[in-house]
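Please keep the sequence and the model open beside it while reading.

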Amino acid sequence: MSGNEYENSDVTDDDDDDCYDTYYDDTDPFQDDNNNNYTTNINTNDPEQFEYKTSTLNEVQTRFEPSTFSSSYIHTSSIPDICSICFKNQTNFESLVCNHAFCHDCWTQYIDTKFQYQNCINYECMKCDKRIPHNFVLQHLSSDSRKELYKKLVVKAMIQNNPQMTLCSGTCDRVFEAIDKPIPGRVECELCNLKFCFQCSLSYHAPASCDIMRNWFKKCRDDSETANYISANTKDCPKCKVCIEKNGGCNHMSCFSCNHHFCWMCLGDWKTHENNYYECSKYRGQPQSQLETIQSRAREALKKYLHYFERWDNHQRSLKLEEQTRAKLLEKIEQNINAQNGTYIDWQYLEKAADSLAKARYTLMYTYPYAYYQEDTVDRNLFENIQAQLEVEIENLSYQIERSTTHNRGDIENQRHIVERRRQTLLLKYFPKSNS
Ligand SMILES: [Zn+2]
Ligand SMILES: [Zn+2]
Ligand SMILES: [Zn+2]
Ligand SMILES: [Zn+2]
Ligand SMILES: [Zn+2]
Ligand SMILES: [Zn+2]
């Protein structure tokens, strides 16, 4: 940090709001937002905020235990002479409310064997379809460990059927409970390091809905052959044809040979990707009426899918590459601090910027499945414009972070706030809080 230009500045990060006020008019929904610490806590205005509480499977089991496992079974009123399964003279007959009586040993064998081999938690009477109560099952399992396992499976099934609750999609035994109405909100498990959707347990996917994502993943699986050829890490510079490898997340490429600035996605001139000119994210297909043959319609459908898939896939790659950039930044920060070149607080803005970038690119990635399934309506244009604005600002931030020097702290912080607001604007309008 040459000259320690931030040595005497107020570094609480609240000091620079004025710098970007000019970008926004009075209708900005976040004008009162003074807390810029987006990375460590969720801003109360953040449309992604979803409140839940966390407990463990054992705690939920303790809560459910009395009501779930206490109902007792009914002994038979008419006791037969011999058990119709083992044909032995028995004294210990048992039955459910259906009065189909069998000896205790036969019930035990039936239930215990079925549990041992199938981990079954739904049993019916051996003669009719009467459901066996949990308590009856527990009394016919042969060991305590099986009884415990059975209880666990029952509680898990209850959680899965309860819209207010969800299990961690990883390997831990955490249970998440919505405080208000359940929505496809973001749940984070620090134990498993996973972020997933409260309602469908897929990777968190705002602004797309759970249905969109199920359909999208199915489509990607079905069309994986077609999409494979897209996955290239190198492309030729559109001007001088030299081979260029993409090793950062940013789509704004500058050719090392001829210094031509172009877009990685469409290979177009980067000048056409600034602000209001940005068209790269929008799909412009042929009108249906002009597609006369089955083949032309199929070709058009494929073209449309590939447009969205390519952008979805590219953002996924960029996220990974930017993770590497972030790691390098942290290294650089540490080196600087060790060399007495500023303190952590002086350098924190870089880490924050990388966090905001990741968060926004993640949202942007999910706007492509959303857009793919969106009908051609007036709203589509509005959505595409908001999406395009987010694209522009994210690429600007990524570009700046990849080339960050000690001199562009102000620029990076401004850009981070712009990106953050663009992300929030998009989510505020399209996050399916109540219509999944
Ligand atoms: Zn028997
Ligand atoms: Zn029965
Ligand atoms: Zn977990
Ligand atoms: Zn979901
Ligand atoms: Zn070139
Ligand atoms: Zn482009």
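1. The secondary structure of the protein comes to 11 helices and 11 strands, where helices (H or I, at least four residues) and strands (E, at least two) are DSSP runs numbered from the N terminus. This is a predicted model, in which local features need pLDDT of at least 70 and side-chain atom pairs count only at pLDDT 80 or more, while totals for chains, interfaces and linings use all residues. Residues are numbered from 1 along each chain as its sequence is written, and chains are lettered from A and ligands numbered from 1 in the order in which they are written.

2. Of the 436 residues of the protein, 26% count as buried; a residue is buried if 20 or more other C-beta atoms lie within 10 Å of its own, exposed if 12 or fewer, and partly exposed in between, with C-beta atoms placed from the backbone. Among contacts (C-beta atoms, placed from the backbone, within 7 Å) between residues at least 6 apart in sequence, 58% join residues at least 24 apart.

3. The largest nonpolar core has 44 residues, a nonpolar core being a set of buried Ala, Val, Leu, Ile, Met, Phe, Trp, Tyr and Cys residues joined through C-beta atoms within 7 Å. Its members that touch the most others are Ala-353, Leu-357, Tyr-368, Tyr-370 and Ile-394. Helix H9 supplies the largest share of this core, 13 residues. A second, separate core of 11 residues includes Phe-102, Ile-111, Tyr-123 and Val-137.

4. Tyr-368 deserves a separate look: leaving out residues up to four places away in sequence, Tyr-368 touches Tyr-308, Arg-311 and Trp-312.

5. Helix H9 (residues 344-372) and helix H11 (residues 409-430) pack at an angle of about 30°, with their axes 9 Å apart. That makes H9 roughly parallel to H11, since angles under 35 degrees count as roughly parallel, over 145 as roughly antiparallel, 65 to 115 as roughly perpendicular and the rest as oblique. Axes here are lines fitted to C-alpha atoms, for helices over the stretch in contact, and angles run from 0 to 180 degrees between N-to-C directions. Residues making the contact include Ala-353 and Leu-357 of H9 and Ile-412 and Val-419 of H11.

6. Is Asn-247 buried or exposed? Asn-247 counts as exposed, because it has 10 C-beta neighbours inside 10 Å. Asn-247 is found in the loop between strand E9 (243-245) and strand E10 (252-254), and its C-alpha atom is separated by 9.3 Å from that of Thr-234, 13 residues apart along the chain.

Conventions: Two residues are in contact if their C-beta atoms, placed from the backbone, lie within 7 Å.
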